[in-house]
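Hello,

I am passing on a structure that I have been reading, and I would be glad if you kept it open beside this message. Please look through it once before you go on to my notes.

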Amino acid sequence: MLLNPGGNVRYKGHFGIPLLSHFHLNTGGTGVSIYDVFAEDGRDFNIKFRDAVNKLQPNDFYSTTQQLELFSGGFAFGPSYNKNKYLSFGLYQEFDFVGYFPKDYAVLALEGNQSNIGKPFKLDHLNLNADILSVLHVGYNEKVNGKFTYGVRGKIYSSIFNVNSTKNKGTFTTVNGENNIYEHIFNLDLAVRTSGISSLINDDNYDFSEDIKTLRKRVLFGQNLGLGFDIGFTYQINKQWYVDGSLLDIGFIHHSKDIENYELKDDFTFEGIDPLFPESNEGQSANDYWSELEEDFEDLFEIDTTQTQYTVWRPVKLNASLNYAFGKKKLKDCDCLAEDGGFLNRVGAQLYAVKRPKGLQAALTAYYYRRIFKGLSAKATYTIDPYSFSNIGLGVSANILGLNMIPYGR
């Protein structure tokens, strides 16, 4: 039900086994793979690394999402003759990270600025967000009639920690100088916002177990809270066709406590350092000379540390599918089809999309589902997503004495 609060519910109640009923992990990246860089193919590593940097683009990304259900449950209610309403509840922990490839930063580090005179290196290529949070949710599902079911779910987000750097702007450009060989033109508007980290790093405690206790306290109604909701529906077009859809995580988290932000904003032109040797300055040692240069350079890049509150919107997710069921079970005693046993097969297409800082990331899945016999079914999928065009998944679902087990992999 986490994927669609408006899905068809066919049971009277459920409860999840704490820490075991649901675990999900998905990670990947676009552009190049680890194999492209570290494969033992006889090519020089530096050449492969340079090729990877040249191939990657600012919209290439790396992402990891993980969910762990802490507890869940639900029950049907309504008139005794037609319990068409369902109330669900639960708590799960989530980790979500997305980071885009900082193309111009990598080119500058790899090639330097001498071979890129006049090229403005774009600083907005630094773009990332990482969240660890818990989500307490309560959902309501109602089967309006034989065709239409809808559902809503309210959520309270408790942030455990957040790192956010998605609003960077500015450029760095090197041009031929007038008073020196080069002029370095800086237009800086950079910021990294964090919450929940400063108190762990800057305290006097070196016992990791104490930090774990601190994090546990943030799991339920922690220091930085947010609100959100999910909506969804299912519509049975006819006996064999149905369509469903949902929007998840329409909400935000307001970060107001344990904040530490780092900002660098300035516009200036730097013409380089005129190297005066220590021997030319009487009484000045080499250490004094280089310390003075270091202080001058640090003054150019003064990073402000602030405790300004900020709000991060959750990554809204879209799920939609079109499904077709077919194939009735054949009865041996009469050599006829069972009319009330449901369909044995189902095929369909599923669309998934998530809103990210630089636009939507989407995946399209085609699937085949087969009910092997009562209590056991299997599902095969083929998915096209930003990571690959050849994702194949296989899963088995078993219902034994009311216990559902669904191992799945791809």
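**What I found**

Asp 230 is buried, since its relative accessible area of 0% falls under the 20% that sets the limit for that word. Please keep in mind throughout that this is a predicted model, and that each value below is computed from it.

**Salt bridges**

Which residue does Asp 230 pair with in a salt bridge? The partner is Arg 153, and the closest N and O atoms of the two are 2.6 Å apart. Because Arg 153 belongs to strand β7 (residues 148-165) and Asp 230 to strand β10 (residues 224-236), the pair ties together parts of the chain that are 77 residues apart in sequence. Arg 153 is buried as well, with a relative accessible area of 2%. Both residues also belong to a network of salt bridges, whose other members are Glu 94, Lys 155, Asp 249, Arg 314 and Lys 317.

A second pair to look at is Arg 356 with Asp 96, whose side chains meet in a salt bridge at 2.9 Å from N to O. Here, too, distant parts of the chain are linked, as Arg 356 lies in strand β18 and Asp 96 in strand β4 (residues 85-100), 260 residues apart. Arg 356 is buried at 7% relative accessibility, and Asp 96 is buried at 3%.

The salt bridge between Asp 41 and Lys 48 has its closest N and O atoms 3.3 Å apart. Is each of these two residues buried or partly exposed? Asp 41 counts as partly exposed at 42% relative accessibility, whereas Lys 48 counts as buried at 5%. In total, the count comes to twelve salt bridges.

**Strands around β18**

Strand β18 (residues 343-356), which holds Arg 356, pairs in the antiparallel sense with strand β15 (residues 317-328) over eleven bridges. On another pairing, β18 runs antiparallel to strand β19 (residues 359-373), and twelve bridges join these two. A hairpin of two residues leads from β18 to β19.

The buried residues of α3 (103-111) are Lys 103, Asp 104, Ala 106 and Val 107. Because they cover an arc of only 160° around the axis, they lie on the same side of α3. As a rule, an α-helix has 3.6 residues a turn, so residues three or four places apart point the same way. Among the elements that cover the buried residues of α3 are α2 (45-55) and β5.

Just after α3, Gly 112 takes a positive phi of about 80°. The loop between α3 and β5 (121-122) contains Asn 116. What does Asn 116 touch, once residues up to four places away in sequence are left out? Asn 116 is in contact with Glu 111, Phe 121 and Thr 174, and Asn 116 counts as buried because its relative accessible area is 11%.

**Nonpolar cores**

The largest nonpolar core has 17 residues, of which Val 53, Phe 101, Phe 186, Leu 188 and Phe 268 touch the most other members. At least two residues of this core come from each of α2, α3, β9 (182-195) and β12 (259-270). Apart from this core lies another of five residues, including Tyr 92, Leu 133, Val 135 and Tyr 157. As for Leu 188, when neighbours within four places in sequence are set aside, its contacts include Leu 123, Leu 264, Phe 268 and Phe 301.

**The protein as a whole**

The protein contains six helices and 23 strands, and 35% of its 410 residues are buried. Among contacts with a separation of 6 or more, 67% are between residues 24 or more positions apart. The protein exposes about 24,300 Å², of which carbon and sulfur atoms supply 60%.

With best wishes

Definitions and conventions
Residues numbered from 1 in each chain as written. Predicted model: local features only at pLDDT ≥ 70, side-chain atom pairs only at ≥ 80, totals over all residues. Heavy atoms only, no water. Pairing = 2+ DSSP bridges. Helix = DSSP H or I, 4+ residues; strand = E, 2+ residues; numbered from the N terminus. Salt bridge = Lys/Arg side-chain N within 4 Å of Asp/Glu carboxyl O. Buried < 20%, exposed > 50% of the residue type's maximum accessible area, 1.4 Å probe, protein only. Contact = heavy atoms within 4.5 Å. Arc of directions from axis to C-beta. Core = buried A, V, L, I, M, F, W, Y, C linked by side-chain atoms within 4.5 Å. Areas by Shrake-Rupley, 256 points an atom, 1.4 Å probe, with all protein chains shown as cover.
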